[in-house]
There are 2 protein chains.
Amino acid sequence: MKYSVVIFPSSKVQETANSYRKRYDTAYAHIPPYIRLKEAFDLEEGKLPQLVSHLQQVADTTSAFSARFHRVSTFHPTNNVIYLAIQNKEPFVELHEKITTCCAESKELYAFVPHLTIGRDLTDDELKDVYGQLSMAKFDLTSEIDRFHLIYELADGIWSVYQTFLLKK
Amino acid sequence: MKYSVVIFPSSKVQETANSYRKRYDTAYAHIPPYIRLKEAFDLEEGKLPQLVSHLQQVADTTSAFSARFHRVSTFHPTNNVIYLAIQNKEPFVELHEKITTCCAESKELYAFVPHLTIGRDLTDDELKDVYGQLSMAKFDLTSEIDRFHLIYELADGIWSVYQTFLLKK
């Protein structure tokens, strides 16, 4: 089964993100808005307890923090993805590094840039158009981040939550 | 904000349910397949810690169990809903009763019948047709139930998971 580790930001940030995702993100109906901490990876069910125990340990040793989403950015030309960029990347990078020390067989493909996807699978023309509009908009969204989630993918591409892990307060 | 408390059954049961929900359930893209333990209710954010602490206490004092889905049923004529019926209702009823003792201001509208919705908002003709077909099919699905989830609804009707609560093993 395919798993991933993500953060769902505050409902306000999720609602703002979904107002764009509804139009521009092909995964809109598959998962609520998320910040990915570890790329999707295959795991045998037998190894799940070891992963859960690792994630619990990471959560127990990491403090809650605030995130600020301050502008729209894109991974073009690597990927035609548009995302809300995060101003304070450090706490996300720290979480990412702690989480990915486990299960070393699933290497990350991309350098880690914390982001909240609001558009994907856009054509070059769509990307230019949408990014052109959104890059002029002002964003000033903050979210308390006090938990992350281990999620898994169902056969139809929909993601379901397996477990929440609460950060130290 | 609107909250609810639900169980997401095993991925195999979710995948079977989604093969029907994709065609017959208008909430297919809003939430993975679920068994509702408490009807959706409004809660001020300030009262959230009290609810979380109550749910934690319920989880700590309830043992994990198995559920068996054995046939398709319907709430017609009350609601044009088709669902996977649960053979062993008792552990769900126990969880429902423990959970709903909290936050008494939000009374349940319906008598509690644990079920996994696979179709809703069907016309009478559709319901008759689909239920006629599915009621002849044999179902023998089991799922280990070792957790439940507190979820909340975003402005666009999509549900996001707030927290997982693990039952006693």
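A residue is taken as buried when its relative accessible area is under 20%, calculated with a 1.4 Å probe on protein chains only. By this criterion, seven of the eight residues of strand 8 (residues 159–166) of chain A in the predicted model are buried, so the strand is largely enclosed by the rest of the structure. Strand 8 of chain A pairs with strand 7 (residues 147–153) of chain A in the antiparallel sense, over seven bridges. Within this pairing, A:His149 is placed opposite A:Thr164 of strand 8. The two strands form a hairpin with five residues between them. In the turn, A:Gly157 has a positive phi of about 90 degrees.

Ring contacts were then examined. Rings of Phe, Tyr and Trp pair if their centres lie within 6.5 Å, and by this rule the count over all chains comes to 14 aromatic pairs. For A:Tyr3 and A:Phe41, the ring centres are 6.3 Å apart and the planes are at 35 degrees, so this pair is tilted.

In chain B, the rings of B:Tyr3 and B:Tyr152 form a tilted pair, 6.4 Å from centre to centre and with 55 degrees between the planes. This pair also links distant parts of its chain: B:Tyr3 belongs to strand 1 (residues 2–7) of chain B and B:Tyr152 to strand 7 (residues 147–153) of chain B, 149 residues apart. B:Tyr3 is buried at 4% relative accessibility, and B:Tyr152 is buried at 7%. In chain A, ring pairs link A:Tyr3, A:Phe41, A:Tyr152 and A:Tyr162 into a cluster.

Two rings also have a charged group over them. The charged end of B:Arg147 sits over the ring of A:Tyr162, 3.8 Å from the ring centre. The charged end of B:Lys38 sits over the ring of B:Phe41, at 4.6 Å from its centre.

Two copies of a chain are related by a rotation about an axis and a shift along it. Here, chain B is superposed on chain A by a rotation of 180 degrees with 0.0 Å of shift along the axis, at an RMSD of 0.0 Å. This is the relation of a two-fold axis. The same surface serves both copies, as 100% of the contact residues of chain B recur in chain A.

Technical notes
Residues are numbered from 1 along each chain as its sequence is written. Chains are lettered from A and ligands numbered from 1 in the order in which they are written. This is a predicted model: local features need pLDDT of at least 70, side-chain atom pairs count only at pLDDT 80 or more; totals for chains, interfaces and linings use all residues. Side-chain values use heavy atoms; hydrogens and water are left out. Rings of Phe, Tyr and Trp (its six-membered ring) pair if their centres lie within 6.5 Å; planes under 30 degrees apart count as stacked, over 60 as edge-to-face and the rest as tilted. Helices (H or I, at least four residues) and strands (E, at least two) are DSSP runs, numbered from the N terminus. Buried means under 20% relative accessible area, exposed over 50%, partly exposed in between (1.4 Å probe, protein chains only). A charge sits over a ring if NZ of Lys or CZ of Arg is within 6 Å of the ring centre and within 35 degrees of the ring normal. Copies are superposed by least squares on the C-alpha atoms of residues with pLDDT of at least 70 in both. Contact means heavy atoms within 4.5 Å. Two strands pair if DSSP finds at least two bridges between them.
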